[in-house]
Amino acid sequence: MPATITKTIARRMLIHAQGLAIAPTIATPAQVVQCIEQMGVLQIDTISVVNRSPYFVLWSRLGAYPTTWLDDALRQRDIFEAWVHEASFMPRSWWPAQRALINAPDRPHTRRWAQRAIDAHPELTHHIRTVLADRGTVRPADFNEPRTTRGTWWDWSPAKRILESLFVLGDVAISHREKFQRVYMPTAQYRPDWDDAHAPTYYDAQLLQIANAVRALGVAHERWISDYYRMGGKYSSEFKSKRGLFAELVDRGVLIPVEIAEVPGPAYVHVDQQHLLNQELSTRHTTLLSPFDPIVWHRQRAVDLFNFQYRIECYTPAPKRQYGYFTLPVLYHDRLVGRADCKAHRGKGMFEVISLHFEPGVAPDPQMHAEILEAIRACAVWHGTPEVIVRMISDEIHTFAYADVVAPGK
């Protein structure tokens, strides 16, 4: 019979596997790459009310670091961009698997979209390919196309659509970013050392997706696994169709079957994380998380393990928001205890916490308040907005102003 572990142990295994168990020390550039290797995938998002998500996810694990380190890692080919769990930064070690998945039915709807865009603009596609071959790198702005509408960030010009389509199909890669805007390069020039003949089979790439997902999660229920690399091309987890792959990895000794108390169904631990099952795990880190952090991006897992109901409300009309525009989950040791609605006013040097809501049933004591407020201060200093203004802190018992909170250094 598989061993049964408690949800507390499962939470702590997840936190350890994600590099969030202890407070960070002084960061180094190499740790940026190591951190992405440990997580397996770093999701990209452009919303920057506080900071863009990939930078913020790394801060939660590394503490204060220059964001240019992530940009440098991309330029130096230590990481690369790919469509994985949405648009993502991936460790260099993932390149062979990604080349297998690009040409396989892993995200068929995305490939169809890309091919339709190219088929709709054959002359422009030929022109862009010619310019790429001549210059080596291009940006959409290099084509000076008239824009008829202005809207969301999905309101792309035809050249941007073609470049993104070529990226999806694997013909171009992202050389680097300029002011967070992609700069495109032919894949053959980006990785002249690579031959697609060396890519693994689609079957082996799927096995690697599952194994890496389980390792990154510490312990993983089968319905959480497919989402990590968005296997099957849908946002929902298609775990039933992957059970044969799970069985293969169990037979190979890569995955160890377990059960998580109160979460019915099969779960797995990667052999590399097996040692965590026999340890008294300690989790002492308190920090703010990006909404796109792997800890919370799978909403059902957040409910299953943390009893944390979470959604991003920036797309909800303001009068209907419950917690705020872009709330940041608050990790306190091995619990998600609340969410902070924050905004960095860089021109004023001010970090505003519009509200800090604690979860139902959480009774924050002075230590919890002190650690959370210290995490907020550290985040503010990293942003270059050292003046912290907390408008409102609320729990189920009290609602009080920042002046009423005893905080270190005040």
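This is a predicted model: local features need pLDDT of at least 70, side-chain atom pairs count only at pLDDT 80 or more; totals for chains, interfaces and linings use all residues.
How many of the six residues of strand E6 (residues 181-186) are buried? Five of them are, leaving this strand mostly covered.

**The E5-E6 hairpin**
- Strand E5 (residues 172-178) pairs with E6 through six bridges, in the antiparallel sense.
- Two residues separate E5 and E6 in this hairpin, and one to look at in the turn is lysine 179, with a positive phi of about 55°.
- Across the pair, you will find arginine 177 opposite arginine 182 in E6.

**The three-strand sheet**
- Here the strands follow the order E2-E4-E3 in an open sheet, and their pairing is antiparallel.
- Strand E2 (42-43) and strand E3 (79-84) are the edge strands, each pairing on one side only.
- E3 and strand E4 (residues 86-91) run antiparallel and are joined by six bridges.
- Within this part of the model, tryptophan 83 stands opposite alanine 87 in E4.
- Helix H5 (residues 95-102) lies across both E3 and E4, and runs at about 30° to E3.

**The four-strand sheet**
- This open sheet has mixed pairing and the strand order E1-E8-E9-E7.
- Strand E1 (3-5) and strand E7 (220-221) each have a single partner strand, so one side of each is left without a neighbour in the sheet.
- Strand E8 (residues 255-260) and strand E9 (residues 263-270) run antiparallel, with five bridges between them.

**A closer look at helix H10**
- From first C-alpha to last, the 16 residues of H10 reach 23 Å, close to the 22 Å expected at 1.5 Å a residue.
- The buried residues of H10 include Ala205, Leu207, Ile210, Ala211, Val214 and Leu217.
- Gln206, Gln209 and Asn212 are also among the buried residues of this helix.
- Glycine 218 follows H10 and has a positive phi, near 80°.

Terms used. Residues are numbered from 1 along each chain as its sequence is written. Side-chain values use heavy atoms; hydrogens and water are left out. Two strands pair if DSSP finds at least two bridges between them. Contact means heavy atoms within 4.5 Å. Axes are lines fitted to C-alpha atoms, for helices over the stretch in contact, and angles run from 0 to 180 degrees between N-to-C directions. Buried means under 20% relative accessible area, exposed over 50%, partly exposed in between (1.4 Å probe, protein chains only). The expected span of a helix is 1.5 Å times one less than its number of residues.
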